[in-house]
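Here is a short tour of some backbone details in a protein chain. Have the sequence and the 3D view open, and follow along spot by spot.

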Amino acid sequence: MTRSGFVRTPLSLALALAALPLAAIAGTRAPSPAMSAPAVAASAATALPSKQYGIQDFIDSIGVSGASFSADESRLLFSSNKSGIWNAYSMPVGGGEWTPVTRSTVDSTYAVSYFPDDDRVLVTRDQGGNELNHLYAIGSDGKERDLTPGDKLKASFAGFSHDGRHFYVSSNERDPKVFDLYRYDSGDYTRELVYRNADAYEIGPISADERWIALSKTHTTNDSDLFVAELSSGKATKVSAHSGQAQFSGQDFSPDSKWLYYTANDQGEFAQLRRVELASGKHEPVQQADWDITDAYFSHDGKYRVVAINEDGSTAIQVFDHASGRQVALPKLPSGEIRNLRISRSEKRLAFYLNGDRQPNDLYVLDFGGEPRQLTHSLNPAIAASDLVDSQVVRFKSFDGLSVPNIMWKPHQASPAAKAPALVWVHGGPGGQTTRAHSAVIQFLANHGYVVLGINNRGSSGYGKTFFAADDGKHGREPLQDTISAKQYLQSLDYVDPDRIGIIGGSYGGYMTVAALAFHPDEFKVGVDIFGVTNWLRTLESIPPYWENIRLALYKEVGDPATQRDFLIATSPLFHADKINKPLMVLQGANDPRVIKPESDEIVAAVRKNGVPVEYVVFDDEGHGFSKKKNQIEGYGKILVFLDTYLKGDGKAKGQP
C-alpha cells in the first residue's frame, strides 16, 4: 500500500482518553519561496521576554499539517487553520500562493490525499467534534461527494493500492463496534467489502499485491498479538508467539509483499523493528534502538525505508536506502526536529515538517540530493522567537524512588530574585506522553511568567514497558503521588515560588487534576481541568461503541465497572468533591464522545456547593479538543485570567476592589 496520504488508524489504547488539539497549536504564516533565517539570539544584556503577548498573538500563528504530492508532484495538499477553522489547501512545491480546496466555516476539514493519477483529492471531517468522520472525494470541478454516507458511522482512509486503481476505507457502518475494510474503485467509487472484521481486530497495513492485511488484537494495555490475514479467504494467522506481556504492531509490508515489518517489545524494554516472512513464518531482526521505534514504512516502490524513534521525548526520523541498508543523510536545520516525512511516488522528493519549542510546524520540500525549500513561515511575525523559551528534559525521584521524566519550560523572567508561579502539566492517556514540541498555550503561559513542568508520570509511554505498566490498576494512587512529587521537585528550584504551584491537564490529565484537588486537597493552590474524567463509572460505561476492540483492556487498566464498582467510586473525584477547597476551572466541548459533558457538569455543580471559586467554559461546537481559533482564544485566554487571579494573584480579578 502507498502512504502518499495521511493514513489514520483506529484509536490507540494508550491514547484512548488523550486530548486532541490542545497544547500543540502549531502554525504557519503566509507562504513564501524564501527560506527564513534563523532567529538571532538576544543579547545577554537584553531582558527577556521583550514583551508579553496576548493569546491572540499566539493563535494568529497559522497551523499546518499533513502533506500529499499531486500526481505530477508539482503541488502539495495539506491542512491549515488559517481561516480560523481547519480546511484543505494546495500549493506549488516551489512555494507560492495557497489554493483553498475546501471552504468550511462550520466543521474542521482535513486533507487526506491526492489521487495518484489526477487532481482529485480526499478529505475527512466529523460533525462538531463528535469524531464520526466521513471520507469525501472532491473532483477537479470542486464538487464534493460523501463516500461513506450514513448516520452514526466512523470511516477512515486506509491507503491506495500500489497501482492506484483502488483505495481502502475502514468503516463501522455494518456494526458500530467493529471496523470492516472496503475496497473502492478509484474511478467510479464502486466498492466491495473485502474484510469482514467479525473478531474486532484493529485494521493494519495492506500488502502491495493486495493479498494480505495485518491485524492486531489488544488484550491489555501492555499485551497484544499480531496477525496476518489473506484477504481472499479472511483466514487470520497469528505471527506474534510470545510469553509474558508484549506489544506487537504491524508497520508495513515489504515492497515484494513477502515480509511483514512490525515493531515489538517482547525481547526487551523497548519496541524494536523486525520482520516475518509470510511463506515460512521466519522472523528476522531489522533495527534496534535504545528507545522505542514507533513507526516504519516503505516509499512507494520500496527504494527507501523511513523509521521514527521516540528518543526521550523527542522524535528522530531516519531514512534508509532499502537495497543497501545505508542511512540517507537528512538536512541539518536550525531550531527543531524533522517530523511527518512523506516521500513522493516517484521517490525523487520528500516533504516534511520542522517543529521545535520556538518553531511551530513549517512545511519543507526536499529533492533528494538537493537543498530543502521552506514553503511556510509559521510563527506570527508579531512574536519575536527570542521571547519564547526552549524546553529541557528533567528528572526527579518520586515518593518511592522511581525516576520520573519531564519536559520543563522555564520563563525567561524566572529567577531567585523573582520567583515564578508554576504548573504541573499532566498529559492525556492513560499512557500518553508529554514531548518536546512547539505548544502555543504553554509558550503563552511561559511568556506570562509561569514555569510549566510537563510530567510523564508512571504509566506514560516512551520510557520502556515496565514504566508504562507501572500505573495499571493504580489510577488515582501511585501515578497521582507522582504529581505530588513533581510539586516537591518544583519547590526545590530556587526560581519557583513554593507557595504558588497549580496543576493542569486535559482528558486523563484533567482527571489527574481534579483527583489531586479531591484526594490531596492541600497540595495544589488551583486546578485547571480540560475535559477531564471525574466519574470512572460513567466514562467506562459510556465509551463509544467503536472502542470495542480496546474496551476490556481499558477495564483491566482502569477498573471494570461490573466487578470493581467500589474501587472506581474510590478513585473517581466526583464522589469526593466535598473535599475540594481550592479554585477550579473546567473547560469542556459539548460534543465530546470520550468524556461526555455530564462529567464536567456534575463536578462543577458539586464543587460549587463547597463555596470555592469555580469557572466553567463550554464550547457548543467542539468535542475532545478545541480546534477552532475563536474557541482557543477564548478558552486559553480565560485560563490565564484564572491563573493570574487565583495562583499568581490574591483571588481578585484585575479591576476588582
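## Two cis prolines

Let's begin with Pro49, which sits in the segment before α1 (55-59). Keep in mind that you're looking at a predicted model. The bond to look at here is the one joining Leu48 and Pro49: this peptide bond is cis, and its omega comes out at about -5°.

Now jump along to Pro430. You'll find Pro430 in the loop between β31 (420-426) and α2 (440-447). The peptide bond leading from Gly429 into Pro430 is cis too, with omega near 0°.

## Positive phi at Glu73

Next up is the loop between β1 (64-69) and β2 (75-80), where Glu73 has its place. Glu73 isn't a glycine, yet its phi is positive, near 60°.

Is Glu73 buried or exposed? The cut-off for buried is under 20% relative accessible area. Glu73 has 10% relative accessibility, so Glu73 counts as buried.

## Positive phi at Ala200

Another loop worth a visit runs between β12 (191-195) and β13 (202-206), and Ala200 lies in it. What is the phi of Ala200? It's positive, about 55°, although Ala200 is not a glycine.

As for accessibility, Ala200 comes in at 14%, so this residue counts as buried.

Note on methods
Residues numbered from 1 in each chain as written. Predicted model: local features only at pLDDT ≥ 70, side-chain atom pairs only at ≥ 80, totals over all residues. Heavy atoms only, no water. Helix = DSSP H or I, 4+ residues; strand = E, 2+ residues; numbered from the N terminus. Buried < 20%, exposed > 50% of the residue type's maximum accessible area, 1.4 Å probe, protein only.
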